[in-house]
Amino acid sequence: MGDHGESAALSAGLSGALTDFGHRLMARVYYADTDFSGVVYHARYLEFFERGRSDYLRLTGVHHTELADGKHGEKIVWIVRRMEIDFRGSARIDDILTVDTRTDDISGARIFMAQQLKRAEEVLVEARVEAAIIGENGRPRRFPREWLAAFLPKVR
């Protein structure tokens, strides 16, 4: 199944949307995301951010499974090299959250992204992420030229 089980109608909302600045994803806070107090457990924010980055990749045509299968000549994977997180507020069970992801810069094998997690207009968490592409041998691989236009923001 080439579409990984997705139909166009279903995946339209499931993967969020590309925007002028990058990508936007909506997510609901479930019971499993919270701690005993009903507040989102701090480590779960990493998962919301990961979903945002993964769906950003997917909508630009970069699929983790195709990279791992060697579609670009060798098996390559994304890794997070560095992440800086600022917690400003707390999300709670049943909140509807927005995860915004944008590319700040691309340099060699690295991509620098900024992410925000918001409830309505209130910024709850911000992250700065440095990710890289590595080959099977664990060595960095240059960011493919054909990806540059898809990942560099149209609006700065």
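The following legends describe close-up views of a predicted model. Local features require pLDDT of at least 70 and side-chain atom pairs count only at pLDDT 80 or more, whereas totals for chains, interfaces and linings use all residues. Residues are numbered from 1 along each chain as its sequence is written, and side-chain values use heavy atoms, with hydrogens and water left out.

View A. Six strands form an open sheet with antiparallel pairing, in the order β1-β2-β4-β5-β6-β3. Strands (E, at least two residues) and helices (H or I, at least four) are DSSP runs, numbered from the N terminus; two strands pair if DSSP finds at least two bridges between them. Strand β2 (residues 22-28) is joined to strand β4 (residues 96-107) in the antiparallel sense over seven bridges. Within this pairing, Arg24 stands opposite Asp100 in β4.

**View B. Helix α2 on the sheet.** Helix α2 (residues 44-59) packs on the sheet and touches β1, β2, β3, β4, β5 (110-119) and β6 (122-135). Contact denotes heavy atoms within 4.5 Å. The direction of α2 makes about 135 degrees with that of β2; axes are lines fitted to C-alpha atoms, for helices over the stretch in contact, and angles run from 0 to 180 degrees between N-to-C directions. A salt bridge is defined as a side-chain nitrogen of Lys or Arg within 4 Å of a carboxyl oxygen of Asp or Glu. The two residues lie three residues apart, about one turn of the helix. Asp55 is buried at a relative accessible area of 10%, while Arg58 is partly exposed at 28%; buried means under 20%, exposed over 50% and partly exposed in between (1.4 Å probe, protein chains only).

**View C. The aromatic pair Trp78 and Phe143.** The structure holds eight aromatic pairs. The ring centres of Trp78 and Phe143 are 5.9 Å apart and their planes stand at 80 degrees, so this pair is edge-to-face. Rings of Phe, Tyr and Trp (its six-membered ring) pair if their centres lie within 6.5 Å, and planes under 30 degrees apart count as stacked, over 60 as edge-to-face and the rest as tilted. The pair links distant parts of the chain, 65 residues apart: Trp78 is in strand β3 and Phe143 in the loop between β6 and α4 (145-151). Trp78 is buried at 17% relative accessibility, and Phe143 is buried at 7%. Together with Tyr56, Trp147 and Phe151, Trp78 and Phe143 form one aromatic cluster.

View D. A search of the whole structure finds 17 salt bridges. Asp100 forms one with Lys118, the closest N and O atoms being 3.2 Å apart. Asp100 lies in strand β4 and Lys118 in strand β5, so the pair ties together parts that are 18 residues apart in sequence. Asp100 is buried at 7% relative accessibility, and Lys118 is buried at 11%. A further salt bridge joins the side chains of Glu66 and Lys71 (3.4 Å, N to O). Here Glu66 is partly exposed at 24%, whereas Lys71 is exposed at 54%. Arg82, Glu84, Asp86 and Arg128 are linked in a network of salt bridges.
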